[in-house]
Amino acid sequence: MSGMVKYVLKRLGIILLTLIIIISITFFLMKLMPGSPLANAERLSDTQRQVIEAQYGLDKPLIVQYWNYLVNALQFNFGNSFQFQNQPVSTLIAQRIGPSAQLGIQALVFGIVAGIGLGAAAAVHRNTKTDTFLSILAVLGVSIPSFVFAALLQYYVGLKLNWLPIAGWEGFKFTILPTIALGMQPMATAARFIRTEMVDVMGSDYIELARAKGLSSNDIVWRHTLRNSLIPLVTLIGPMAVNLMTGSVVIEKIFAIPGIGGQFVSSILTNDYPLIMGTTIVYSMMLMVVLLITDILYGLIDPRIRLAN
Amino acid sequence: MTENILEVNDLKINFHTDNGAVQAIRDIYFNLEKGETLALVGESGSGKSVTTRTIMGLLAKNAEIERGSIQFKGKELIDLPENEFRSIRGSEIAMIFQDPMTSLDPTMKIGQQIAEPLIKHQGMGKKEAWDKALDMMNLVGIPNAKAHINDYPHQFSGGMRQRIVIAIALIDNPEVLIADEPTTALDVTIQAQILDLMKKIQRELGTSIIFITHDLGVVAGMADRVAVMYAGQIVEVGTIDEIYGFPQHPYTWGLLNSMPTTQTNKGSLEAIPGTPPDLLNPPVGDAFAPRNKYALAIDEKKQPPYFQLSPTHFAATWLLDEHAPEVVPPLTVQQRWAKYKQAHPEADKKQAKPVDASAILSR
C-alpha cells in the first residue's frame with residue numbers, strides 16, 4: 001500500500017508540473033488574442049485606459065504579469081473576473097461547476113454502463129442479426145455529433161411526446177435528455193470496444209478451460225469473459241472524459257444549462273483574462289485527475305499491473 | 001477382463017468450411033479401460049484433439065458428427081443435451097490443456113479457479129471448496145500452497161501453472177482425464193516432473209487417462225496402450241510393448257524411426273517425407289500410401305482393414321495380408337522386432353487375420 005501512496009504522490013507532482021506548463025502556454029496564447037478586455041475601448045481616452053489598466057495590472061510588462069499570475073495561482077488566488085462585477089473567479093466557477101460535473105458524470109456512467117451491456121449482447125450473439133443491428137447502432141452513435149441527438153431528443157421526446165422538459169436545469173428530470181445526448185458517443189465507443197474485446201477473450205484458452213470445467217455459458221460470460229474485457233476499457237475512460245468535457249460546452253448551450261461551458265465561451269469572447277485562465281485550470285485539473293483515477297483503477301482491477309508496480 | 005469406462009464406436013466427424021467438408025475423424029474405434037493410460041499419438045491434424053474435444057462435448061460450431069457413438073460408463077455422449085453434458089464435463093471427465101501460460105484466467109485468484117468446479121458441480125460452499133483446493137494444490141506439488149492460494153496466474157512459472165491446470169482438472173475427482181499435449185509447451189526437465197506427477201496421481205486416484213501427444217518418447221514411460229492416428233483414422237493400436245516392440249504399420253515405423261534412442265547412430269534419424277493428405281478430399285485407399293515407400297498397389301485403391309495380431313494389437317495395413325509381399329522394415333524396426341521376439345517367441349505377423357474394426361472394442 002505504501003507503494004501506492006508513493007505512486008499517487010509522484011503522479012500529483014507531475015500533475016502540478018503539467019499545470020504550470022499549461023498555465024504558461026495558455027497565458028501567452030491568451031495575450032496573443034485580438035481585442036481588449038475593456039468594453040468600448042476605442043471610446044476611452046488614453047488616460048482613462050491607463051488608469052483602468054493600472055488598476056488591473058495590465059500596464060506591467062507581460063512577463064511580470066505572467067509571474068504575478070503564476071505566484072497568485074499557486075496560492076489558490078485566481079483573481080477577479082473582468083466582466084462580472086469583479087466577482088472572484090473561484091466563486092464564479094464554483095457556482096457553475098455543479099451542473100457541468102453532474103451532467104458529465106451522468107453521461108459517462110450512462111454511456112459506459114449502456115455500452116458494456118450492448119457490447120456484451122453483441123459479443124454473445126456474435127455474427128447474428130442482433131450483432132449486426134447493434135454494430136450499425138454503434139457506428140451511428142460514434143459518427144453522429146451529440147448536438148444532433150440533442151435536437152432529435154428535444155423534438156421527439158420533449159416536444160412531440162412531452163415526456164421530459166426540453167431545456168433548463170431544475171431537477172433530475174431536466175438532466176435526462178442532455179445526459180442521453182452527451183452519453184451517446186461514449187456508449188457507442190464502449191459498445192464497440194467491449195464487443196471486440198469479448199470476442200477476443202472468448203477465443204482464448206482460459207475460456208475453453210472454463211468450458212471444460214462444466215461452467216454454464218452465463219457463468220463463463222459473467223465470471224471470466226466480461227471481467228477480462230473490462231480491464232482494457234478502463235484506459236478508454238480518460239479520452240471519453242475529455243470528449244465529454246468539450247462536448248458539454250455545446251450541450252449546455254442547447255439545453256440552457258447553467259454550466260461552466262457557456263461561461264467559458266463568453267469569457268473568451270470578452271477577453272476576461274482571469275476567468276479564461278481559471279476555467280482552463282479547472283478543465284485541465286479535472287482531466288488530469290480523471291486520468292490519474294483511471295490509472296489507479298486499472299491497477300486495482302488488473303492484478304498483473306497491481307503487483308508488478 | 002477389465003471394465004471399459006469409455007467406448008468410441010465408428011465415430012465420423014466433419015468440419016464444414018467455406019471450401020467444403022473436412023473429414024477430420026474417419027470411422028475410429030477405441031476403448032479406454034478403467035485405470036489405464038491410453039496414448040493417442042499422431043502428427044498435427046491427425047484428429048487427436050478433435051477426438052477428445054468430442055468426448056468433452058466441446059466441438060466447434062461448424063463440426064458435424066456424421067455418425068458414431070461415444071459411451072461413457074454405458075451412457076451415450078453424442079447428442080447429450082448441453083445441461084446434462086455440463087454436469088459430466090469438469091466433474092466426471094476433465095481435461096488438461098496444452099499451454100499453461102494461456103489456460104488460466106489472468107484476473108482470477110488460483111484458489112478460486114481450482115475451487116470453481118466444486119462450487120458449480122457439488123454446490124459446495126466457498127470455504128469448503130477452497131479447503132479442498134488447498135489440498136489439491138498440495139497434491140500436485142505446489143510448494144507452500146497456503147501462501148499462494150490467493151495469488152494470480154502470472155505469479156507462477158510455466159511448470160507451476162501446469163500443476164494448477166492439473167489441480168483444476170482433478171479437483172472433482174474425475175474418472176477420465178484427458179491430457180491434450182500437457183507437456184508440449186514446457187521445457188524438458190519440467191516435462192519429466194509433470195509426467196511423474198500424472199503417474200503419481202493415477203496411482204493415488206485411479207483415474208483413467210487419455211494422453212494426447214505427438215512425441216513417442218513421452219509415451220514410452222507414460223502409457224499402457226497406444227493408438228497411432230493418421231489422417232483422422234487409427235492406423236495401429238496395441239499395448240505399449242506391442243507398438244514399440246512389434247510395430248506393423250509403416251507410419252508407426254516412420255514415427256519410431258524418427259525418434260532418437262540410446263542405440264541411434266550418429267546422423268541416422270529419419271524424418272517421414274511429405275505431408276499429411278488434405279482431408280477435404282481424403283484419398284481412396286490407404287491415406288499414408290503417398291508418403292509410404294513400402295506402399296503396395298492396392299494401397300492406392302482400397303483402404304486396408306484392421307489385421308489382428310494379438311487380442312490387443314491391431315494394425316490397418318495391407319502388408320499384413322496373406323498375399324502381401326515380404327518387405328524389410330527400417331533397420332531400427334528390425335532391431336525392435338528381434339528383441340521383441342526373444343521375449344515373445346509366439347509373435348508372428350503371419351498369424352494376423354483381417355477383422356472388422358469393431359473387434360478393437362470386443363476383446
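**The largest cavity and its neighbouring chains**

Tutor: Within the lining of the largest cavity, helix 6 of chain B is the main contributor, with three residues; helices (H or I, at least four residues) and strands (E, at least two) are DSSP runs numbered from the N terminus. The model is predicted, with pLDDT of at least 70 for local features and 80 or more for side-chain atom pairs, while totals for chains, interfaces and linings use all residues. Residues are numbered from 1 along each chain, chains are lettered from A and ligands numbered from 1 as written, and side-chain values use heavy atoms without hydrogens or water.

The largest cavity holds about 60 Å³ of space. On a 1 Å grid, a cavity is where a 1.4 Å probe fits but cannot get out, a pocket is an open set with protein on both sides within 12 Å along at least five of seven lines, and lining residues have an atom within 4 Å of a point. A volume is the space filled by probe spheres on the points.

Chain A supplies Leu209(A), Ala212(A) and Lys213(A) to this lining. From chain B come Gly90(B), Ala94(B), Met95(B), Pro117(B), Val165(B), Ile168(B) and Ala169(B). Two or more residues each are given by helix 8 of chain A, and by strand 6 (93–96) and helix 6 (158–170) of chain B. By class, the lining has eight nonpolar residues, one polar and one charged; Ala, Val, Leu, Ile, Met, Phe, Trp, Tyr, Cys and Pro count as nonpolar, Asp, Glu, Lys and Arg as charged, and the others as polar.

Lys213(A), which is part of this lining, also forms a salt bridge with Glu116(B), at 2.7 Å from N to O. Four salt bridges (Lys or Arg side-chain nitrogen within 4 Å of an Asp or Glu carboxyl oxygen) are found across the interface of chain A and chain B. In that interface, 21 residues of chain A are in contact (heavy atoms within 4.5 Å) with 27 residues of chain B.

Helix 4 (89–124), helix 9 and helix 11 (273–301) of chain A each give two or more residues, and helix 9 provides the largest share, eleven residues. By class there are 22 nonpolar, four polar and two charged residues. Chain A itself has twelve helices and zero strands, and its C-alpha trace spans about 85 × 55 × 30 Å along its principal axes.

The structure holds two cavities of 30 Å³ or more. The second largest cavity has a volume of about 40 Å³. Gln248(B), Trp253(B), Leu319(B), Leu320(B), Val327(B), Trp337(B) and Lys349(B) form its lining, with five nonpolar residues, one polar and one charged.
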